[in-house]
Amino acid sequence: MNPVTKEELIDFIYAEARLLDEGHYDDWLALWLPDGHYWMPLDYKQSDPHLVTSLLYEDMFMLKLRVERLNGARTFSQKPKSRCHHVIQRPFVDEMDHEAGRYVTNTSMHYVETRLDDQFLLALTATHELKRVEGQLRIANKRVDLLNSDAAFGNIQLLP
Amino acid sequence: MSERHHPLSAEDIDAMIEGHQVHRDVYTSQRVFDLEMRHLFANTWVFVGHDSQTPNKGDYYTTQIGNQPVIQVRHSDGEIKVLHNRCPHKGTKIAIDREGNTGKFFRCPYHAWSFKTNGCLLAIPLKKGYEGTGLENTDNAKGMKPVGAVKNYRGFIFARLAEDGISFEDFFLDSLSSIDNMVDRSPAGRLEVAGPPLRYMHKCNWKMLVENQTDTCHPMVAHESSAGTAVKIWEELGNPEPRPPAMQIIAPFMSPYEFFENMGIRTWPNGHGHTGVHHSIHSDYSAIPGYFEAMCDAYGEDRAKAILDENRHNTIYFPSIMVKGPIQQLRNFIPLGPDKTLVESYIYRLVDAPDQLLARTAMYNRMINAPTSIVGHDDLEMYERAQEGLMSDGLEWVNLQRLYPVDGEDFSEEAVENGTTERQMRNQFDAWRKFMTATMRHSALGTPEAAE
């Protein structure tokens with residue numbers, strides 16, 4: 001098998017954002033490895049996801065629940081539905097460990113979410129830990145640091 | 001009762017509260033909100049912070065009591081002081097960051113007036129410029145003004161802005177048993193704040209949030225999309241045990257009405273009360289290894305069991321906080337306007353208890369009370385729809401009639417009732433009227449004070 005190229009890693013990050021923007025959540029969930037966590041810290045440069053509060057620290061059960069809920073008939077906060085939009089800067093590839101099949105990228109982006117007459121913008125940095133399993137790149141863990149993670153927010157309903 | 005041009009009187013306030021209903025102005029009127037800030041939040045004991053947020057001399061933390069910016073600071077004698085966050089000179093806020101250490105004194109960044117950490121004026125540069133001006137006879141020369149009264153109750157700092165008024169003990173009475181139970185859950189009898197709070201902005205009136213804390217008829221309806229879907233996914237996975245954390249924490253919201261009816265609601269005078277008298281959605285969390293043993297070592301087995309058998313759900317400390325004893329969480333509903341409320345959700349570590357308890361508490365906080373929470377989303381949706389719906393002139397009254405006794409009710413005695421009663425909401429409005437109008441009816445001069 002050929003080693004993963006930098007371009008493949010970068011394409012993966014772009015493709016993931018597109019799945020979220022277009023609402024293909026089942027395909028998005030399928031990118032994940034089963035013991036992965038989506039972490040969004042509450043504090044700037046937070047190092048511990050467990051013993052202080054985070055905005056999100058979700059296992060696959062929670063992510064599946066989050067995604068399924070979006071389509072429920074009685075999901076009142078999604079009547080009408082929110083839409084989102086990621087604008088990505090070219091990812092940095094920070095680690096490439098071909099032997100272990102492990103890769104780390106760092107991506108700055110602007111995230112826009114809208115519902116009814118409200119729209120808001122978040123600036124963030126996403127850190128992806130990717131692994132190649134059976135030839136496919138998968139998300140082992142994802143960390144999303146909002147630039148203003150300690151600000152007071154209204155509802156953030158989709159996935160930055 | 002619509003917005004009129006004369007100042008609102010105590011009688012106008014009285015007329016907004018009937019036994020079983022309240023006028024929508026209590027949620028929507030800017031004039032009512034202004035009176036709440038001036039009277040209700042001045043006359044009551046309002047939560048400020050926890051003393052572990054300012055553990056060392058000179059440590060400070062900034063917050064608000066109602067709309068009043070204040071600083072909680074550890075003075076050189078070790079005591080916690082609460083000062084108005086305003087330079088007595090030009091009004092500049094003395095501290096802007098949420099927390100820090102100021103050393104032995106505060107120094108205003110505008111003209112370098114400086115103050116001891118109890119607020120007393122320390123020095124003014126080029127002071128000879130004030131010689132013979134009479135500055136020393138002004139309030140400005142006294143320094144940063146402390147609030148009327150401060151109480152540190154087992155680490156929780158409360159303040160009364162007004163110089164005179166009801167004492168801490170007479171205000172809270174036996175409701176302090178919920179804080180006691182939360183603190184007693186530490187084998188050391190002590191809590192420490194764990195990290196910064198979630199900060200969640202709500203475009204609704206602060207009282208809607210407070211009322212929702214004891215509203216036991218909404219979880220299975222408003223939260224069906226999260227709790228109901230959690231149960232569905234778990235069943236699809238073949239009911240795996242141990243249950244995923246989301247199942248332990250979110251699924252109990254789908255409990256049937258009967259569960260909440262039997263849970264019970266207790267009310268205390270002055271607007272305080274709690275759900276979960278007999279059991280609660282926090283009753284069936286899995287045991288954490290080593291915790292019960294540590295509690296028995298600290299308290300003896302009987303006392304340890306008694307502490308842990310309390311499963312109080314939400315305790316309201318009127319006017320503006322909710323405490324969850326079994327999971328060491330405190331939510332502070334900070335009013336910013338008639339239709340704007342900042343909710344800060346804090347968690348605390350039980351000193352000398354296993355870390356897994358704190359991990360569960362942190363999980364609860366983010367799963368239920370974060371701006372990213374699938375449970376919080378539906379709550380906020382309901383509040384904001386209510387705030388917008390109340391602008392309808394189709395009906396001007398909000399109903400609080402569930403299990404209302406037509407002969408009226410007495411809030412001056414503690415009572416335990418069916419867990420779905422709206423008595424606690426009525427209890428809050430009884431206290432609201434009392435502490436709103438106390439200083440409207442009786443000013444310091446003995447004559448009615450103009451409300452605006």
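Me: Let's start with helix α3 of chain A and helix α8 of chain B: at what angle do they cross?
Reply: Keep in mind that this is a predicted model, where local features need pLDDT of at least 70, side-chain atom pairs count only at pLDDT 80 or more, and totals for chains, interfaces and linings use all residues. Residues are numbered from 1 along each chain as its sequence is written, while chains are lettered from A and ligands numbered from 1 in the order in which they are written. Helices (H or I, at least four residues) and strands (E, at least two) are DSSP runs, numbered from the N terminus, and axes are lines fitted to C-alpha atoms, for helices over the stretch in contact, with angles running from 0 to 180 degrees between N-to-C directions. For α3 (residues 60-69) of chain A and α8 (residues 224-236) of chain B, the axes come within 9 Å and the crossing is at roughly 120 degrees.

Me: Which word describes how α3(A) lies to α8(B)?
Reply: Angles under 35 degrees count as roughly parallel, over 145 as roughly antiparallel, 65 to 115 as roughly perpendicular and the rest as oblique. The crossing is at roughly 120 degrees, and that makes α3(A), relative to α8(B), oblique.

Me: Is that crossing left-handed or right-handed?
Reply: A crossing is left-handed if the near helix is turned anticlockwise from the far one by less than a right angle, and right-handed if clockwise. For α3(A) and α8(B), the crossing is right-handed.

Me: How many nonpolar residues are there in the contact of α3(A) with α8(B)?
Reply: Contact here means C-beta atoms, placed from the backbone, within 7 Å. On the α3(A) side are A:Phe61, A:Lys64, A:Leu65, A:Glu68 and A:Arg69, and they meet B:Ser225, B:Ser226, B:Thr229, B:Ala230 and B:Ile233 of α8(B). Ala, Val, Leu, Ile, Met, Phe, Trp, Tyr, Cys and Pro count as nonpolar, Asp, Glu, Lys and Arg as charged, and the others, Gly among them, as polar. The contact then has three polar residues, three charged ones and, for nonpolar, four.

Me: Zooming out to where the chains touch, which element gives the most to the side of chain A that touches chain B?
Reply: In total, 31 residues of chain A are in contact with 32 residues of chain B. On the chain A side, β2 (54-58) and α3 each supply at least two residues. That side divides into 15 nonpolar, nine polar and seven charged residues. With seven residues, the element giving the most is α3(A).

Me: How far apart are the axes of α11 and α12 in chain B?
Reply: Two packed helices are described by the angle between their axes and the distance between the axes. The angle between α11 (residues 291-299) and α12 (residues 301-309) of chain B is about 125 degrees, and the two are therefore oblique to each other. The distance between their axes is 7 Å.

Me: And how many charged residues does the contact of α11(B) with α12(B) have?
Reply: α11(B) passes α12(B) in a right-handed crossing. B:Phe292, B:Met295, B:Cys296 and B:Tyr299 come from α11(B), and B:Glu301, B:Arg303, B:Ala304, B:Ile307 and B:Leu308 come from α12(B). Sorted by class, there are seven nonpolar residues, no polar ones and, for charged, two.

Me: How many residues of strand β20 of chain B are buried?
Reply: A residue is buried if 20 or more other C-beta atoms lie within 10 Å of its own, exposed if 12 or fewer, and partly exposed in between, with C-beta atoms placed from the backbone. Strand β20 (residues 340-350) has eleven residues and is largely enclosed by the rest of the structure, because the number buried is nine.

Me: Over how many bridges do β19(B) and β20(B) pair?
Reply: Two strands pair if DSSP finds at least two bridges between them. A hairpin joins β19(B) to β20(B) through two residues, and B:Leu330 has B:Tyr346 as its bridge partner in β20(B). β14(B) also pairs with β20(B) in the antiparallel sense, over five bridges. For β19 (residues 329-337) with β20(B), also antiparallel, the number of bridges is eight.

Me: Is B:Lys203 buried or partly exposed?
Reply: B:Lys203 is in the loop between β14 (198-202) and α6 (206-212) of chain B. Leaving aside neighbours within four places in sequence, B:Lys203 is in contact with B:Asp339, B:Lys340, B:Glu384 and B:Gln387. With 16 other C-beta atoms within 10 Å, B:Lys203 is partly exposed.

How values were computed: Contact = placed C-beta atoms within 7 Å.
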